[in-house]
Each structure stands twice: as C-alpha cells, then as structure tokens.
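Morning, everyone. I'd like to walk through some aromatic residues and a helix. Here is the model.

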Amino acid sequence: MARVLSRFYNATQTYANSRKAHTFALGNLSKLSASKKALYSTLGAAAVGGACLLYALETSEVEASGNDLHPPHFHWPHSGFIDSFDHQSIRRGYQVYKQVCAACHSLRFLAYRNLVGVTHTEDEAKEEAAAIQVQDGPNEEGKMFMRPGKLADYFPNPYPNDEAARAANNGALPPDLSYIVLARHGGEHYVFSLLTGYADPPAGIEIREGQAYNPYFPGGALGMAQQLYDEGVEYEDGTSVHGNCQILVR
C-alpha cells in the first residue's frame with residue numbers, strides 16, 4: 001500500500017510540475033514580440049513541412065535515375081489486420097528456396113526448428129535437418145567429425161566465406177535471405193517485383209557481361225540472372241507451376 005501511495009504522490013507531483021512548466025511557457029510566449037512569434041511560427045511550419053517532404057520523397061514512385069521503377073503495391077491475402085499467412089504457400093516457398101535459391105543465398109539466422117508448425121511437422125523438419133551434414137566436436141580423441149543435422153542446427157551457408165561467395169558470383173555478394181523482406185524498402189512488394197521483373201535493357205542502357213537488367217533494382221544492373229521460370233519447380237502438393245507462383249512471398 002505504501003508503495004502504491006508513493007507512486008500516486010510522485011505522479012501527482014509530476015503532473016503539477018508539468019502544469020507549472022506549461023503555464024510558464026505560455027506566459028513567456030505572450031511576452032514575445034510579434035516578429036519573434038512570427039519567426040517561431042515559421043520555423044514550426046518549416047519543420048512540419050520538411051518532415052512531410054521527407055515522407056513524400058520516401059514514398060514517391062519516382063526514382064532518381066529515371067529508369068528505375070518503384071514496386072507497385074500488391075494486395076496480398078495476408079495483408080489484412082485479421083488475415084494470416086497461407087502455410088501451404090509458405091511451404092511451397094521453402095521448396096523454391098531449397099531447390100533454387102539455396103545454391104547462392106543463405107538463411108543463416110534460421111534454424112530447422114523454425115520450420116516446425118509453420119511449413120512442416122516436427123518429424124518432417126527433423127527429416128529436412130538430417131539431410132545435411134554438420135561439423136561437430138571435438139570427440140573424445142579431440143577430433144572434429146561430421147554428423148547429420150538436428151532441429152537446433154541452422155541452415156547451411158552455400159559458401160565457406162564471403163570471399164568465396166563473391167568469387168563465384170562475379171564479385172557480387174548474394175544477400176542473406178533471413179530478413180530480406182524487412183531489409184528492403186518496399187518489403188515483399190519489392191521482392192516479388194524484382195524476381196518477376198527481368199526484362200531486356202532499354203535503348204541506351206548497357207549491361208556488362210555477367211549482369212542482368214532489372215528495372216526494380218537500383219541502377220538496373222543486377223548480378224543475379226533470372227532464376228524463376230515456368231515449370232522450374234514441381235511442387236509436392238501438385239500446385240500448377242508458373243513463374244509468379246514460385247516467389248517465396250506468395
């Protein structure tokens with residue numbers, strides 16, 4: 001009880017002090033000259049206007065280069081306040097990652113246990129984990145050894161280090177996909193547009209050897225060639241295969 005009363009007293013004192021400060025500020029404002037009042041009002045309006053301008057530039061569909069496209073806004077089935085993800089679709093996305101993306105991109109922040117209850121049952125996730133080999137140890141002889149993966153193990157990196165990844169991809173480092181939707185402006189709209197937006201470069205745009213043109217990528221020159229094609233993945237559940245439905249976020 002004493003503690004409750006003490007908190008109530010402190011809250012009362014804080015409110016009283018804030019009222020005094022507010023009264024003091026209003027009193028001082030009334031003493032300002034008309035020119036200073038105008039100056040403060042202008043600065044306040046400028047601050048609000050600057051914030052609005054920054055927001056407008058951030059959300060604008062016009063890009064600086066003139067050739068880059070801002071991803072359109074798609075109405076995803078899971079985008080509503082009370083909507084949820086389609087777990088069968090997520091499972092198909094995992095299959096796309098496993099068969100297409102995993103050759104170059106890592107999921108270093110995700111473990112096989114993260115599949116349980118989302119895309120796979122516990123037994124299925126254990127089977128997925130057991131398909132990889134993980135270095136462990138040392139054993140009783142002080143030596144490292146290889147063992148089948150467990151649920152606690154993280155997804156393997158396709159390359160031993162970043163230098164090896166760059167060497168295999170014309171100097172470009174394939175980004176980790178663990179948080180790719182959160183890490184890119186436009187989120188899933190950008191990812192979907194990028195993966196389905198490959199096209200021939202327009203007149204006057206030259207793309208170097210080993211690069212591909214994609215208007216949704218800043219600058220247009222992307223180190224990753226188109227990866228998704230019709231009939232590129234045969235889904236376990238028999239879903240009809242088209243390029244757009246191979247996207248992880250669908």
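Start with Phe74. It is partly exposed because its relative accessibility is 24%; buried means under 20% relative accessible area, exposed over 50%, partly exposed in between, with a 1.4 Å probe and protein chains only. Trp76 is buried, at 5%.

A word on the source. This is a predicted model, where local features need pLDDT of at least 70, side-chain atom pairs count only at pLDDT 80 or more, and totals for chains, interfaces and linings use all residues. Residues are numbered from 1 along each chain as its sequence is written, and side-chain values use heavy atoms, with hydrogens and water left out.

Now the rings. Rings of Phe, Tyr and Trp (its six-membered ring) pair if their centres lie within 6.5 Å; planes under 30 degrees apart are stacked, over 60 edge-to-face, the rest tilted. By this rule there are seven aromatic pairs. Phe74 and Trp76 make a tilted one, with 5.6 Å centre to centre and 55° between the planes. Elsewhere, ring pairs link Tyr94, Tyr97, Tyr112 and Phe155 into a cluster.

On to helix 3, residues 87-99. Helices are DSSP runs of H or I, at least four residues, numbered from the N terminus. Helix 3 has 13 residues and reaches 18 Å from first C-alpha to last, close to the 18 Å expected at 1.5 Å a residue; that expectation is 1.5 Å times one less than the number of residues. Its buried residues include Tyr94 and Tyr97. What do the buried residues of helix 3 pack against? Helix 4 (122-130), with contact meaning heavy atoms within 4.5 Å.

Last, Tyr179. It sits in the loop between helix 5 (162-167) and helix 6 (180-183). Its relative accessibility is 48%, so Tyr179 counts as partly exposed.

Note on methods. Helix = DSSP H or I, 4+ residues; strand = E, 2+ residues; numbered from the N terminus.
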